Amino acid sequence: MSALTIEAPAKLNLTLRVLRKREDGFHEIDSWMVRLPGLHDTLNFTAAEADAFTCNDPSVPSDESNLVLKALAAYRAATGFSQPLAIHLEKRIPHGAGLGGGSSDAAATLAALDRLHDQPLGTERLMEIAATFGSDIPFFLGPPSARSTGRGEVIVAADAPPPLPVLLLKPSFGVATPDAYRNCMGAKGLEGVRYDAQVFPWGELVNDLERPVFWKHLFLAEVKSWLLAREEVAGALMSGSGSTMFAVLHDLASADAVITAARAELDSTLWAWSGLIGA
């Protein structure tokens, strides 16, 4: 086999409603997610004498908890694919950010393995496999704009928003997804923070996980309120379980000015990215 390189894009949750806690311990959700092709990790697969995994980010685990290696094991179990591989992951999507980096890496791994296998399973079967070890993973194998329901594994194509300029800001800390969901039902909001749906001609921005996450991480609530007060910003929200806060801008050209102001007024170490989402 020849080497194969594949990109693993980030995602944003434009809406995330938490409907109830299910009998299986997961939460029933209804979310509108869109991919961010301009922000992505890269994975390279080459034939090797034994499986090996490397990453440019030393904080990424290389044991069985790594979703790339879980995807490799799941694909081998489903197909008998036995070619040893050297996999290198070049991380650009930050950890604990609510941007789906790990899930996207896993989905890209499944897609790459299916291209390398002489009897490919196809997207539908890959999505079934993906759902066995990660609720967000099937989204990255389907359409770039989709409604995600169930515990996140039921994916239906949704109309993409028009091209929207967005700005992402993430502090140095991350948020563990289980922590965000643990106390999400009935969580109280902070006084003076806007949690209601922000309505636009193309859809809504709303995230039910903001209440429990903001209660623990007050800085994220501060970032949201700061963004909403900026004249360059049309709307602001936390993506997924955080800790990334994003803003829909009126004009992408204003992104650098907002980033500069955020680092000066909020936190000089903020990670930032800007670009376009949507059709």
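Start your tour by selecting α5, which gives the second largest pocket the largest share of its lining, 4 residues. Helices here are DSSP runs (H or I, at least four residues), and strands are E runs of at least two, numbered from the N terminus. A pocket is an open set of points on a 1 Å grid over the protein atoms alone, where a 1.4 Å probe fits, with protein on both sides within 12 Å along at least five of seven lines; lining residues have an atom within 4 Å of a point.

This is a predicted model: local features need pLDDT of at least 70, side-chain atom pairs count only at pLDDT 80 or more, and totals for chains, interfaces and linings use all residues. Residues are numbered from 1 along each chain as its sequence is written, and side-chain values use heavy atoms, leaving out hydrogens and water.

Next, show the largest pocket, which is lined by 47 residues. Click on L67, S103, D136, T177 and P178 to find the ones nearest its centre.

Zoom in on K11, in strand β1. Is K11 buried or exposed? K11 counts as buried because its relative accessibility is 3%, and buried means under 20% (1.4 Å probe, protein chains only).

Finally, centre on D136, in the loop between α3 (123–131) and β5 (145–149).

How values were computed
Buried < 20%, exposed > 50% of the residue type's maximum accessible area, 1.4 Å probe, protein only.
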